[in-house]
Amino acid sequence: MKNKTAIYKITLIMLSLFLWSACGNDDEIKESRIDTSTPELTAMDVWIRENLTTPYNISINYTFDDNELDNSRYLTPPKLREVEPFLDAFLEVMIRPFEEEVGTDFVKEYFPKLFVLVGSYNYNSDGSRRLGVAEGGKKVVLYELNYFTERTSEASTSELARERFARYFHTIEHEFGHILQQTKAYDAEKFGSITPQYRSTWNNLDEQEALNLGYITPYSAKNMDEDFVEILAMMLTNTAEDFEAILNLPENDEAREALRAKLEIIVDYYRESWNIDLYELQEIIAKKRQAYFEK
Amino acid sequence: MKKYNFYPLLFLLLILCSCSNDDDTEIFDLPADERMNTLLLEYRNTLAASQDGWKTTFYPDTTYTGGWSFVMKFDEHYGVEMIGDVVKNPEVEEGTYALLGSQGPVLSFKSYLPITELSNPSASHPQARYGSNEFVIVEERDNGDLVMKSKRNDSRFVLKKAGEEDWKNIGLHSETENNFIGSPLNSVYRFFTIGNQTDSIVYEMVYDEYFRQMTLTNADDAVVQSKDKGVAFTKDSVYVEPPIMYDGVAIAALFYDKDQSLFIGRNGDVTAKLYYSPVPYNLGNDIADINLTKNMFSYRDDTLEDTPYTSPGFVHLYDEVNDLMLGGRILWRIEVHFMTETEGRVRYRYSSGDTNYSAYHYFRYQAEDNRMVLTETGDGWSTTNQGVINALSNLDDIFFSSKGFYIKKLSERYTYTNVVYTFTSAEDPSVRFPTYSALTTF
C-alpha cells in the first residue's frame with residue numbers, strides 16, 4: 001500500500017514537471033507579418049489626402065472594393081476621370097459650406113468618415129434605383145459616378161444639368177442629415193404627428209401625390225426620419241427661391257401648411273442642437289454651387 | 001505475485017510525446033502570407049512582362065451570354081490599359097488593377113475598364129451581362145497562358161500574350177458584328193442552314209444583341225434547337241460557342257462573304273450558311289390556331305421594346321412616330337383588337353404629360369395564305385387631331401397593307417404570363433413586333 005502511494009506521489013511530481021516544461025516555446029517574438037508599408041500613391045490619392053483626409057478626417061474609396069459593396073448586385077468601379085470632378089464639387093458644395101457655417105471641427109467630427117464611390121447604377125428588384133446608402137453613420141456609398149460629368153458639365157447654364165447635379169448632393173445631404181438626427185434627437189413626436197400617414201408602399205406615390213399629402217418627395221412618405229432628411233436635403237440643394245416654389249407645389253392648403261410646419265421643426269432643431277442657421281447654410285451652398293458652375 | 005500499476009507511467013509517456021516539436025519537418029519554407037505575397041508579386045511581374053500585353057475572349061456566363069474580346073497591358077505600378085469590343089468604336093481606357101490574396105491569387109480591376117462594362121447594369125438588365133470585376137488566377141500554363149475564372153460564377157477564360165496587331169484588330173470587330181446584326185432594313189427572316197451535299201437542316205435564327213446569343217429553331221418542325229449559342233467576333237468572322245454540329249461535324253467559325261452578303265463556314269464536306277429571306281421558311285398554321293374573336297394583341301413599349309423579336313426596322317418606325325408627334329406626345333402602346341369574327345380596330349395609345357389619349361380606326365380582316373390582312377372599313381379615325389394622324393401614318397400604312405402580316409406564336413414570355421405572338425409585315429419583312437395576347441369581353 002505504501003509502495004502504491006509512493007508511485008502516485010512520484011508520478012504526480014513528474015507529471016507536474018513535464019507539463020510545466022513540455023510545451024515550453026522558446027521561439028523569439030518576431031516582427032509582425034502584417035504589411036504596414038505605405039502603398040504606392042497615385043496623384044488622386046495624394047489629392048484626396050491633402051484636400052479631404054488630412055484637413056477633414058474623410059477618406060474616399062474610389063477603387064473597386066468587394067468588401068465594401070453588396071456582392072449580390074452587379075456594379076462597376078468609377079471611371080478615374082470622373083473622380084476628381086466629383087470630389088472637387090463635393091469639397092466646394094458640401095464640405096466648405098458646413099465649414100464656413102459651423103467650423104472645421106464640426107466637419108471633422110460629424111461628417112461620415114468613409115465615402116465609397118461606385119461608377120454604375122444600382123437597381124433594386126422593383127426597377128427603382130438606389131442613389132446612395134449610409135451605414136452606421138460612418139460610411140456612405142454613392143452610386144452613378146460614371147455619369148457625373150456627362151450629366152452636369154456640358155450645360156452649366158442648363159436647368160436640367162443643375163437638377164442632376166443637385167441629385168448627387170441631395171443623396172449626401174440626406175445621409176448626413178441621418179447622422180446628425182441620430183446623434184442628437186429631434187422632437188419626433190411633434191414632427192411625426194403632422195403627417196402621420198407614413199407607409200411602406202411609398203414608391204406607389206408619384207411626386208404630386210406625395211406633395212398633396214404633405215410629403216416633399218415620395219420617399220418622404222416612408223417614415224418620419226426619412227421625411228425629416230428629405231425636407232432637409234431638398235432645402236439645401238435648392239436656392240431659397242426654388243425651395244419656396246417647391247413648398248407651394250401641393251395643391252391643397254393642408255399639405256402646404258404641413259410642409260412648412262415640419263420645416264420649422266427642422267430649422268429649430270438645427271439651430272438649437274447644432275448652432276446651424278439652415279437658411280444661412282442654404283444661401284452659402286447656393287453661392288458655392290453657382291461659383292462651381294461658373295468656374 | 002505483486003501487481004504494479006503501470007497506467008501513470010503510460011500517461012507520462014503519452015504527455016511526453018504529445019508535445020514533441022516537429023518544426024524540422026515543416027512542408028513549406030515560408031509562412032502562407034509570405035508565400036502568397038511572393039506569388040502575387042510574381043504574377044504582377046508576369047503580367048507586366050508581356051510587351052504588347054494580353055488578349056482574351058471572355059464568356060461571362062456560358063448559359064446566358066456570348067463572348068467579348070479584350071486586349072490589355074499591365075505595368076508594374078498597377079496601371080492597366082485596355083480595349084474591348086464591348087462598345088462600338090472602342091478606345092483604349094486607362095485604369096488601375098490590384099493583385100489580391102483571396103480565394104487564391106485574384107486579379108482585381110479597381111477602376112472602370114472595358115471588361116467591367118459587362119457588370120454595368122441597366123433598368124432592363126439589372127444583372128448586366130453577368131460580368132465580374134475580379135478574376136481568380138487558376139494556373140499559369142507551360143506556354144505562358146494564364147487561366148482565369150470569374151470570381152462571380154467561375155466562368156473561365158485564358159489570357160494569351162498579345163501582339164501589336166491585336167490592339168488594332170479589336171476596332172475591326174464592330175464591322176463583323178454590324179454585318180452579323182444586319183441593317184434595320186434587312187428582313188427579320190434569317191436562316192441558318194447546315195448540311196452536306198445530300199442533306200441539310202434549316203434553322204430560323206434570332207439574335208440577341210445585348211447578350212450576344214442566338215436562338216436556333218428548326219424551321220421544319222418549329223422545335224427550338226438551341227437557345228444558348230453564344231457568339232463572339234473577330235475582324236473577319238463570328239465564332240459560335242458551343243459549335244453547331246451536323247452529323248458529328250462541328251462548325252465553330254463563320255466568315256463574312258461580302259459578295260453574297262452572308263456568313264459561311266466549312267468543315268470537310270459540311271457547310272453552314274447564315275442568310276436573309278423575304279418570307280418565312282415555313283408558313284405554319286399559327287393563324288388558324290388562334291382564337292381571334294375578342295382577342296386583343298398589344299405591343300407595349302415599356303416591356304417589349306428590348307426583346308430579340310422586336311426588330312430594328314419596327315423600332316425605327318416607332319421612333320419615327322414619336323419624333324413626329326407634337327407637343328411632347330409619346331406613343332406607348334398599340335392594340336390590334338379582333339372584336340368580332342370579321343371586324344376589329346387598331347388603337348394607338350399615347351400620352352401627353354400625365355394624361356393618356358388614344359386614336360383608333362376600324363378594320364375588316366381575313367386570312368390569306370397564312371397572312372392576316374387588315375382592311376380599313378373607311379369609318380375614319382376616332383380623332384380629328386391631324387398632327388397625331390400624320391405622325392402615325394407610316395406605321396398605319398404597315399397595318400393596312402394589302403399584303404398583311406405573318407403572325408407567329410412564341411414559346412417565350414416577357415414580363416407577364418400572356419402568350420406572346422409576333423406580327424411581321426409581309427409588305428416590309430424588316431418590321432416585326434411582339435404582342436401580348438389577351439381575351440377581352442368586348
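Strand S7 (residues 146-150) and strand S8 (residues 156-161) of chain B pair in the antiparallel sense over four bridges, where pairing requires at least two DSSP bridges between two strands. The model is predicted: local features need pLDDT of at least 70 and side-chain atom pairs count only at pLDDT 80 or more, while totals for chains, interfaces and linings use all residues. Residues are numbered from 1 along each chain as its sequence is written, and chains are lettered from A and ligands numbered from 1 in the order in which they are written.

**Barrel of chain B**

- Within this pairing, B:Met148 has B:Phe157 of S8(B) as its bridge partner.
- Eight strands of chain B form a closed barrel with antiparallel pairing, in the order S1-S2-S3-S4-S5-S6-S7-S8; helices (H or I, at least four residues) and strands (E, at least two) are DSSP runs, numbered from the N terminus.
- From one strand to the next, the twist averages 35°.
- Helix H2 (residues 32-49) of chain B packs on the sheet and touches S2, strand S4 (93-101), strand S5 (105-109) and strand S6 (134-140) of chain B.
- The direction of H2 of chain B makes about 155° with that of S4(B); axes are lines fitted to C-alpha atoms, for helices over the stretch in contact, and angles run from 0 to 180 degrees between N-to-C directions.

**Domains of chain B**

- The assignment for chain B, of a kind that is automatic or drawn from a database, gives domain 1 (32-175), domain 2 (184-277) and domain 3 (286-439).
- The C-alpha centres of domain 1 and domain 2 of chain B are 29 Å apart.
- In chain B, 16 residues of domain 1 are in contact with twelve residues of domain 2, contact meaning C-beta atoms, placed from the backbone, within 7 Å.
- Strand S2 (68-74) and helix H3 (164-181) of chain B are the elements giving two or more residues to the domain 1 side.
- H3(B) supplies the largest share of that side, three residues.
- By class, the domain 1 side has four nonpolar, ten polar and two charged residues; Ala, Val, Leu, Ile, Met, Phe, Trp, Tyr, Cys and Pro count as nonpolar, Asp, Glu, Lys and Arg as charged, and the others, Gly among them, as polar.

**Helix packing in chain A**

- The axes of helix H3 (residues 80-102) and helix H12 (residues 278-294) of chain A come within 9 Å and cross at roughly 150°.
- H3(A) and H12(A) are therefore roughly antiparallel to each other, the term for angles over 145 degrees.
- Residues meeting across this contact include A:Ala89, A:Val93 and A:Arg96 in H3(A) and A:Leu281, A:Ile285 and A:Lys288 in H12(A).
- The contact of H3(A) with H12(A) divides into seven nonpolar, no polar and seven charged residues.

Methods:
Contact = placed C-beta atoms within 7 Å. Parallel < 35°, antiparallel > 145°, perpendicular 65-115°, else oblique.
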